[in-house]
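Please open the structure in your viewer and keep the selection panel at hand.

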Amino acid sequence: MTITVVGAGYVGLTTAALFANAGHTVNLIESHFADRLETIKSGRSWFYEAGLDPLVARAINAGLLLPTDDYACLKSTDVVFSCMGTPDNPDGSSNLTFVFNVVDEVIKTLPDDAIFIQKSTVPVGTGEEIKRAFAAANRSLAYVSNPEFLREGTAIADTLWFDRVVVGSDDVQAAETVLDLYRTLESHREDIARLADVTPYETQASLKGEYIRTGQNSAELIKVTANAFLALKISFANSIAKLADATGADIKEVMNAVGADPRIGRAFLNAGRGYGGGCFPKDVSGLIASGQSRGVEMTIMHEAATLNESMPGYIVEKLKEALGGELEGKKVAVLGLAFKAGTSDARRSTAVSIANLLTKFGAKTHAYDPEANHDAERNGLSPDVSLHESTEKAVDSADAVCIATDWEEFLAYDLGILKAHMKGNLFVDCMNVFDPERVSETGFRYIGVGRSIS
Ligand code: UGA
């Protein structure tokens with residue numbers, strides 16, 4: 001089967017590399033970023049994602065992954081995965097310009113018996129609008145919504161050991177064809193995992209992945225609802241963390257016990273500097289906008305977003321107080337800028353917000369991320385933040401250190417050595433990933449988010 005993936009972003013490149021490694025011929029259209037296209041042609045990913053490079057290299061060498069900036073390849077395509085970005089508009093709604101650019105190309109070029117698969121995260125009702133565009137152009141293309149649930153940093157494992165593949169369409173035959181594609185991918189799992197050197201994450205190994213067929217609108221709503229609910233869990237944990245701070249309780253003890261109830265579950269109840277990235281913030285605002293456009297007020301999601309936005313400031317206030325109420329002239333090191341560990345992505349990173357707030361309040365801010373320095377610069381990091389290429393350089397003579405992203409490199413760092421590089425002894429654990437007692441034993445003053453020692 002000849003597949004075309006449009007858009008070589010995080011989802012598009014991962015999808016293309018995986019299906020090519022399952023033996024399909026995959027055209028990958030990237031018409032906007034020439035530099036990304038060149039990197040992929042040379043057999044590498046343009047972003048950091050564990051296990052992706054070997055998959056891209058093998059597929060390119062085998063001639064199964066064909067990167068191009070030309071839509072002409074759609075002419076001989078059986079299925080198209082549209083993986084375009086859907087950034088948010090200033091009012092929070094989703095900007096579908098890129099999605100509809102692809103629709104225009106598909107209308108012009110895709111053969112009649114081909115299937116158009118929407119993988120971009122789109123507001124509920126977008127598929128109906130696209131089908132109206134097909135009909136207006138006298139095209140009878142099959143339309144399938146197939147939302148993506150992979151997480152950056154664990155994208156390969158998430159796809160190979162999936163919990164669910166959701167395929168929504170009014171065209172049963174097209175939906176079954178798409179499900180079959182995923183079944184082929186599953187049958188190549190061991191080989192792909194070996195090459196990528198990935199293993200199942202947490203509970204994935206025991207998962208029996210479900211293939212779920214739904215209606216088109218349901219599939220669109222499933223995607224944003226899943227992300228919104230996870231964002232809600234995080235904001236809920238952060239609101240309880242503030243109460244834990246005010247009462248001397250420990251949020252980890254609280255959430256470990258609360259999450260032991262299988263009806264609640266422990267995942268995504270980790271309090272800290274709040275969620276960021278290319279998905280949760282825009283999916284929450286997108287859901288609010290979808291509701292508003294139909295007269296449904298999503299009050300609960302407004303609260304989740306507001307709480308999330310408060311977290312970087314909340315942490316910086318605690319730090320400032322611990323340094324005597326004044327940040328002017330203080331040197332603070334921020335370790336980690338990516339929105340989470342395992343990725344070079346710093347979009348909407350709350351670690352970047354922390355660095356910027358420190359700078360705004362007069363601190364001399366020094367930062368280092370193993371992978372995301374460059375992306376942080378492109379995503380709003382203040383030019384007044386000094387970027388470094390190592391932990392040692394960033395923390396040199398610092399009054400305080402903030403661990404803002406939970407990279408293994410920081411978790412494994414010898415805390416005695418870290419402290420020896422610094423002038424002061426304030427340790428801010430922005431993601432609650434350290435043991436407060438162990439940190440305190442090294443002579444640091446520990447601050448977490450809702451942790452009892454401070
Ligand atoms: C998220 C979803 O988890 C994926 O299922 C989905 O496919 C993806 O969005 C998407 O829509 O494309 P991702 O944004 O890659 O994946 O990252 P997550 O691991 O979900 O983390 C998102 C943010 O929440 C990060 O900033 C992370 O640090 C934060 N987080 C996560 C917390 O603050 N607390 C937690 O307990 C968990």
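Begin at the second largest cavity, where the residues of the lining divide into four nonpolar, two polar and two charged; here Ala, Val, Leu, Ile, Met, Phe, Trp, Tyr, Cys and Pro count as nonpolar, Asp, Glu, Lys and Arg as charged, and the others, Gly among them, as polar. To display this lining, select Ile-251, Lys-252, Met-255, Arg-266, Leu-269, Asn-270, Ala-271 and Asn-432. A cavity is a set of points, on a 1 Å grid over the protein atoms alone, where a 1.4 Å probe fits but cannot get out, and a lining residue has an atom within 4 Å of a point.

The model is a predicted one, in which local features need pLDDT of at least 70 and side-chain atom pairs count only at pLDDT 80 or more, whereas totals for chains, interfaces and linings use all residues. Residues are numbered from 1 along each chain as its sequence is written, and side-chain values use heavy atoms, with hydrogens and water left out.

By class, the lining of the largest cavity has six nonpolar, four polar and two charged residues.

Now select the ligand together with Phe-149, Leu-150, Glu-152, Lys-223 and Asn-227, which come nearest among the 21 residues around the ligand (a residue is near if one of its heavy atoms lies within 4 Å). Which polar atoms face ligand oxygen atoms? A polar side-chain atom of Lys-223 lies 2.5 Å from one oxygen atom of the ligand, and a polar side-chain atom of Asn-227 lies 2.7 Å from an oxygen atom of the ligand. On the backbone, a polar atom of Gly-276 is 3.1 Å from a ligand oxygen atom. The protein covers 90% of the 720 Å² of accessible area that the ligand has on its own, areas coming from the Shrake-Rupley method with a 1.4 Å probe. H9 gives the largest share of the shell around the ligand, three residues.

Finally, select the open sheet, whose six strands follow the order S11-S10-S9-S12-S13-S14 with parallel pairing; two strands pair if DSSP finds at least two bridges between them. Strand S11 (386-387) and strand S14 (445-447) are the edge strands. Inspect S12 (residues 400-403) beside S13 (residues 426-429), which pair over four bridges, and there Val-401 has Phe-427 in S13 as its bridge partner.

How values were computed: On a 1 Å grid over the protein atoms alone, a cavity is a set of points where a 1.4 Å probe fits but cannot get out, and a pocket is an open set with protein on both sides within 12 Å along at least five of seven lines; lining residues have an atom within 4 Å of a point. A polar contact is a pair of N or O atoms within 3.5 Å; within protein, one must be able to donate a hydrogen and the other to accept it, and residues adjacent in sequence count only if both atoms are side-chain atoms. Helices (H or I, at least four residues) and strands (E, at least two) are DSSP runs, numbered from the N terminus.
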